[in-house]
Amino acid sequence: MQPSSRHPGLPGAAPLRDALRALLPRTEEEMKLDLSERVEGSVATLLQQATALLYGGRLSECLQMSEAVRDYAWEKLNTGAWQDVHKDWRRVYAFGCLLQVLCLCEAPGDTTTVAAALNVCDMGLLMGAAILEDILIKVAAILQKHLSEKRAGPCPAQEQPSIKKARKEHASVPDMMSERAVPRLHCPSLQYFREHHLVPERPVILGGVADHWPCMKKWSVEYIQEVAGCRTVPVELGSRYTDEEWSQRLMTVSEFISKYILSETKDVGYLAQHRLFDQIPELRQDISIPDYCCLGDGEDEDITINAWFGPPGTVSPLHQDPQQNFLAQVIGRKYIRLYSPQESDALYPHSTHLLHNTSQVDVESPDPERFPRFPEAPFLSCVLCPGEVLFIPARWWHYVRALDLSFSVSFWWS
């Protein structure tokens, strides 16, 4: 077999190129995607041709063809409801992103080009589906490491915002004197937690579980900016997801911090319910899965770990989730209310399927005429502080408002 059919490019490649090449199958035949009939044959042919161009070293042609594939797949991803998009189109999109990244990084380039490649890689991770044993995660890690070694700032061609400008305000703390507090325990045994909280479905705040995690000392706006600044993430725009003007936008973490964490804007941006730790393994190393998750039915890989990062005043409306939840607070404080599933009727869930798990009530400013039963519904409340972990049983309703600049980590498990 000719060398050009094994790996693209010429001998003497730069370290970045070598590291990326090492992730690829040895032959272009091994890089083929098995696609269903839902994907047109012409698109599958284009992918094969683009792969051949890559392994043949014809990079400019491969780049052009991979961009065309990616653009076509993007149209498929944005036609109709997301849940109706066939997974194979997401795989096609991811494959197009992979080819584009490899072409961009083949020749020794400046950090701006590598950052652009990382953005393409993130788009493949966010909008695509896993291909070639999660190769995009591995590619992103290599690009991230390369950028961190080449620069001192958070992003090429992007000035690091001054942390001195960080917003200092705090949201108001409600009067909790008349509210029933969530009970607190310090590092209970697995058996005690199971018998007194997991099985009877009783919320509890756990101390001594997360306060030793590396994130408790390492994480700050500066650290997140340094580690994740160039990464593209989905950001919620608007006070809460039930508002009509609410929307989502993809932006870099650096842009999010600059616009919504450090500036004095009245606009609200929230990096919410995002699997940031799958995207950035370096941050994943700073946290641990609580031992109590072993009482569930699944394995560690079945646990969904989400990041929640935003300014003071961000709100998650009263809602319920189908899984058990450990909410670990890393930075700042959050005011939280919890209602038993038995109170569901008094919480007035939305009637639409999309929001059936969300209450119509503005918890801290309820309308007694529209929701007359709500004030009588009993609840528990707390202010969750850094180092504390709140256990929210499955289907328990919870309302969350950030009192400070806040970073939380949730663990959903069954």
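Predicted model: local features only at pLDDT ≥ 70, side-chain atom pairs only at ≥ 80, totals over all residues.
Residues are numbered from 1 along each chain as its sequence is written, and side-chain values use heavy atoms, with hydrogens and water left out. Local features need pLDDT of at least 70 and side-chain atom pairs count only at pLDDT 80 or more, whereas totals for chains, interfaces and linings use all residues.

Two packed helices are described by the angle between their axes and the distance between the axes. Helices (H or I, at least four residues) and strands (E, at least two) are DSSP runs numbered from the N terminus. Axes are lines fitted to C-alpha atoms, for helices over the stretch in contact, and angles run from 0 to 180 degrees between N-to-C directions.

Helix 2 (residues 41–55) packs against helix 3 (residues 59–77) at an angle of about 155 degrees, and their axes are 8 Å apart. The two helices are therefore roughly antiparallel; angles over 145 degrees count as such, those under 35 as roughly parallel, 65 to 115 as roughly perpendicular and the rest as oblique. Helix 2 passes helix 3 in a left-handed crossing, a term used if the near helix is turned anticlockwise from the far one by less than a right angle, the clockwise case being right-handed. Contact (heavy atoms within 4.5 Å) is made by residues of helix 2 including Val-43, Leu-46, Leu-47 and Ala-50, and by residues of helix 3 including Cys-62, Met-65, Val-69 and Tyr-72. By class, eleven nonpolar, one polar and one charged residues form this contact. Here Ala, Val, Leu, Ile, Met, Phe, Trp, Tyr, Cys and Pro count as nonpolar, Asp, Glu, Lys and Arg as charged, and the others, Gly among them, as polar.

Helix 3 also packs against helix 4 (residues 87–104), with axes that come within 8 Å and cross at roughly 150 degrees. This pair is therefore roughly antiparallel, and helix 3 passes helix 4 in a left-handed crossing. Among the residues in contact are Leu-63, Arg-70, Ala-73 and Trp-74 of helix 3 and Trp-89, Tyr-93, Gly-96 and Leu-99 of helix 4. The contact comprises 15 nonpolar, three polar and four charged residues.

The buried residues are Val-221, Tyr-223, Ile-224, Gln-225, Val-227 and Ala-228.

Glu-179 lies in the loop between helix 6 (135–150) and strand 1 (180–181) and counts as buried at 14% relative accessibility. Not counting residues up to four places away in sequence, Glu-179 touches Tyr-335, Arg-337, Phe-379 and Ser-381. With the side chain of Ser-381, the side chain of Glu-179 makes a polar contact of 2.6 Å. Such a contact is a pair of N or O atoms within 3.5 Å; within protein, one must be able to donate a hydrogen and the other to accept it, and residues adjacent in sequence count only if both atoms are side-chain atoms.

Most residues other than glycine have a negative phi. Asp-134, in the loop between helix 5 (111–127) and helix 6, has a positive phi near 55 degrees and is partly exposed at 38% relative accessibility. Glu-201 has a positive phi of about 60 degrees; this residue is in the loop between helix 7 (190–198) and strand 3 (204–207) and is partly exposed, at 28%.

Technical notes. Buried < 20%, exposed > 50% of the residue type's maximum accessible area, 1.4 Å probe, protein only.
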